[in-house]
Each structure stands twice: as C-alpha cells, then as structure tokens.
Amino acid sequence: MAEEEDEAGFDEDLDDGAGGADGSHGKRKRLFSKELRCMMYGFGDDQNPYTESVDILEDLVIEFVTEMTHKAMSIGRQGRVQVEDIVFLIRKDPRKFARVKDLLTMNEELKRARKAFDEANYGS
C-alpha cells in the first residue's frame with residue numbers, strides 16, 4: 001500500500017520540481033550520476049562515493065538549474081533563455097561570474113580555432 005502512495009506522489013513531485021525530497025528519488029532516472037561521481041572524486045571524495053550522496057547532490061544540481069532557468073526565462077526576452085540572462089543573474093556572485101566569463105572566453109577561442117582549422121583543411 002505504501003508503495004502505491006509513493007508512486008502516486010512521485011508524479012506530482014516531478015511536476016513541481018521537488019525531486020526526491022520525500023524519499024521517492026530512487027524511481028527517477030538519474031541524469032548526472034556518472035559526471036557527479038567523477039566531480040566528487042576530483043574534489044577529494046572516495047572513488048566510489050555513496051549513492052545517496054550522489055543522489056542528494058544531483059537533486060541540488062537539478063533544483064539549481066531549474067530555478068536559474070525559470071528566473072532567466074522571466075527576464076530579458078520572455079520565454080527564452082539567453083547567455084546574457086544567465087550572466088545577469090549571477091553578476092553579484094564573483095566566483096560564478098568569473099567562471100562563466102572564463103567558459104565563454106574559452107568557447108570563443110574554440111570557435112576561432114575550429115574555423116581556422118577548417119579553413120586550413122578545406123581551403124575556404
């Protein structure tokens with residue numbers, strides 16, 4: 001009987017973005033488990049961290065991404081997420097802002113390098 005109640009409540013949790021706070025998190029497909037395990041190991045955790053730790057961290061990541069996406073959709077062009085909207089949202093957090101700037105700069109450098117490589121190979 002308890003399993004039936006959990007399954008019924010699980011669908012509601014997906015709709016409101018609550019994730020697995022009520023203990024039904026094991027039924028949802030995990031999207032980032034492999035990457036989070038690698039990140040946790042890179043930051044000093046055990047090579048095989050507890051599944052519960054990875055699940056909690058994934059819930060936090062999904063909650064953060066969902067909240068940021070909703071906020072970004074409400075500013076700028078309504079209903080669209082643009083890079084500028086994300087930069088605007090994190091402008092007061094120096095660490096996040098610096099990381100985003102680094103990633104955007106690296107992305108531009110990679111685009112230029114790919115373009116130069118393609119021009120060299122295909123003679124455009």
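**View 1. Helices α3 and α4 cross at roughly 110°, and their axes come within 9 Å.** Axes are lines fitted to C-alpha atoms, for helices over the stretch in contact, and angles run from 0 to 180 degrees between N-to-C directions. α3 and α4 are therefore roughly perpendicular to each other (65 to 115 degrees; under 35 is roughly parallel, over 145 roughly antiparallel, the rest oblique). Met68, Lys71 and Ala72 of α3 make the contact with Asp85, Ile86, Leu89 and Ile90 of α4, where contact means heavy atoms within 4.5 Å. Helices (H or I, at least four residues) are DSSP runs, numbered from the N terminus.

The model is predicted: local features need pLDDT of at least 70 and side-chain atom pairs count only at pLDDT 80 or more, whereas totals for chains, interfaces and linings use all residues. Residues are numbered from 1 along each chain as its sequence is written, and side-chain values use heavy atoms, with hydrogens and water left out.

**View 2. Helix α4 (residues 83-90) packs on helix α5 (residues 94-122) at an angle of about 155°.** The axes of α4 and α5 are 9 Å apart. That angle makes α4 roughly antiparallel to α5. The crossing of α4 and α5 is left-handed. From α4, Val83, Val87 and Ile90 meet Lys96, Phe97, Val100 and Leu104 of α5.

**View 3. Helix α2 (residues 33-42) and α3 cross at roughly 110°.** The axes of α2 and α3 come within 10 Å. The two helices, α2 and α3, are therefore roughly perpendicular to each other. Ser33, Leu36, Arg37 and Met40 of α2 make the contact with Thr51, Ser53, Val54, Leu57, Glu58 and Val61 of α3.

**View 4. Arginine 30 and aspartate 55 form a salt bridge (3.5 Å, N to O).** A salt bridge is a side-chain nitrogen of Lys or Arg within 4 Å of a carboxyl oxygen of Asp or Glu. Arginine 30 lies in the loop between α1 (2-16) and α2 and aspartate 55 in helix α3, so the pair ties together parts that are 25 residues apart in sequence. The whole structure has 5 salt bridges.

Terms used: A crossing is left-handed if the near helix is turned anticlockwise from the far one by less than a right angle, and right-handed if clockwise.
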